Amino acid sequence: MNKAFQPLVKDHDKVKGMIEDLMSSKIKSTEQKLDILGNLKKELQLHEQIEEDVVYPILKKKKDLKDVTLEAYEEHHVVDGILDELEKVDPENEIWKAKLTVLQEILLHHIKEEEKEIFPEATDKLTQDELDTIETNIKQIKNSVN
């Protein structure tokens with residue numbers, strides 16, 4: 001996998017850790033859960049923005065990557081919907097954990113697909129100029145928010 005995708009993989013690791021924290025029985029207070037959920041949502045929004053504005057448009061132009069890229073857009077949409085629903089449900093309500101579990105499953109599927117299929121195939125199919133453009137644009141966006 002090309003280094004252009006490393007910041008996205010790093011984001012994936014961070015998000016997986018946040019979900020694990022939320023799923024953990026160690027986090028008891030509603031306030032902590034909502035705080036982690038808020039941070040998770042911010043992380044995912046930035047990550048999705050980068051993928052949808054920088055990475056996916058380039059990938060979508062490649063015949064072999066078009067379908068899986070369109071699927072990834074839809075997975076983002078589903079994740080956003082579940083996050084919105086989670087914000088409206090009390091973390092003490094049993095449905096909250098069920099929604100969180102579904103969110104985790106979708107995210108883990110999405111991450112695995114990107115890291116094991118999309119990013120490696122993109123590394124093979126994209127030109128070095130395209131990979132360099134992705135890397136530069138990801139860095140610019142990340143630097144603008146930090």
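1. Basis. Residues are numbered from 1 along each chain as its sequence is written, and side-chain values use heavy atoms, with hydrogens and water left out. In this predicted model, local features need pLDDT of at least 70 and side-chain atom pairs count only at pLDDT 80 or more, while totals for chains, interfaces and linings use all residues.

2. Cavity. The structure holds one cavity of 30 Å³ or more (a set of points on a 1 Å grid over the protein atoms alone, where a 1.4 Å probe fits but cannot get out). The largest cavity contains about 80 Å³ of space, a volume being the space filled by probe spheres set on the points. It is lined by 13 residues, of which Leu44, His47, His76, Leu107 and His110 are the closest to its centre; lining residues have an atom within 4 Å of a point.

3. Lining. Helices H1 (6-23), H2 (30-60), H3 (63-88) and H4 (94-125) each supply at least two lining residues of the largest cavity (helices are DSSP runs of H or I, at least four residues). H2 gives the largest share, four residues.

4. Helix H4. At 1.5 Å a residue, the 32 residues of H4 should span 46 Å, which agrees with the 45 Å between its end C-alpha atoms (the expected span is 1.5 Å times one less than the number of residues).

5. Aromatic pair. Among the two aromatic pairs (ring centres within 6.5 Å), phenylalanine 5 and phenylalanine 119 are stacked, because their centres are 4.6 Å apart and their planes at 10° (stacked: under 30 degrees). Phenylalanine 5 lies in the segment before H1 and phenylalanine 119 in H4, so the pair ties together parts 114 residues apart in sequence.

Key
1 Å grid on protein atoms, 1.4 Å probe; cavity = no way out; pocket = protein on both sides within 12 Å on 5 of 7 lines; lining within 4 Å. Phe/Tyr/Trp six-rings, centres within 6.5 Å; stacked < 30°, edge-to-face > 60°.
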